[in-house]
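Subject: Structure handover

Hello,

Here is the structure I said I would pass on. My notes on it follow below.

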Amino acid sequence: MSETNPYMMVGERLCMDFINTVSWRESTEKRRDWFKDYAKLVDWSIHAEVLTAKQAQNLLVEAGENPSLAEEVLKQAIELREVMYRIFKSISKKTSPNEQDLARFNEYVSHYYQSLQIIPIEDQFMLKFNQPDKNLDAMLPPILQSAVDLLVSKNELERVKQCEGDPCGWLFFDTSRNRSRRWCSMADCGNRAKVRRFYQKEK
């Protein structure tokens, strides 16, 4: 992790990086959630380029005035993240996602996509969530859209994988030409596996 970006962004898709905001996800002892409070969610959103620094500043001011609402948004963000994790983990394992998870995910889609509009920009159009800047959940719609875009792209779904490092649990979108990526990061889980193989060979 660099000093300018303290977060590892190795998922290759916004939704994957959002899901990976839990270190050692599948470890009961080492598991650590990055989103300890609403401010951490906002901070990550800046580094993920979901929010600008100015937007983030405004949201933190709003959160200070409405702490209970900020706490509720944090809970929603974590719930959405965990639902997405289970759905995409199933996809990475070539199994069908849980129906309850899909139903809950669709509730988020129904809620946020109500504000989705076609916006003309120069000689083209783009989809944009039309929400007030002070909405404390302003970071969630782009993340949700990233997940939706991936879910409806059949060929791309085949590139969703889970790191083979146990108990990492991180998910990523494999952009390698021959789809051979195995680790969240060669410098992290990949290196640990390399060291482990070396010692086993030495034994």
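Glu82 and Arg31 form a salt bridge (a side-chain nitrogen of Lys or Arg within 4 Å of a carboxyl oxygen of Asp or Glu), with their closest N and O atoms 3.6 Å apart. Glu82 lies in helix 4 and Arg31 in the loop between strand 1 (22–23) and strand 2 (32–33), so the pair ties together parts that are 51 residues apart in sequence. Helices (H or I, at least four residues) and strands (E, at least two) are DSSP runs, numbered from the N terminus.

This is a predicted model, where local features need pLDDT of at least 70, side-chain atom pairs count only at pLDDT 80 or more, and totals for chains, interfaces and linings use all residues. Residues are numbered from 1 along each chain as its sequence is written, and side-chain values use heavy atoms, with hydrogens and water left out.

Glu82 is buried, at 16% relative accessible area, while Arg31 is partly exposed at 38%. Buried means under 20% relative accessible area, exposed over 50%, and partly exposed in between (1.4 Å probe, protein chains only). Glu82 also meets Arg81 in a salt bridge of 2.8 Å, N to O.

Another salt bridge joins Lys161 and Asp174 at 2.7 Å, N to O. Asp174 is buried, with a relative accessible area of 0%. Through shared partners, salt bridges link Arg25, Arg31, Asp33, Arg81 and Glu82 into one network. The structure holds 12 salt bridges.

Phe125 lies in strand 4 (residues 124–129) and counts as exposed, at 61% relative accessibility.

Regards
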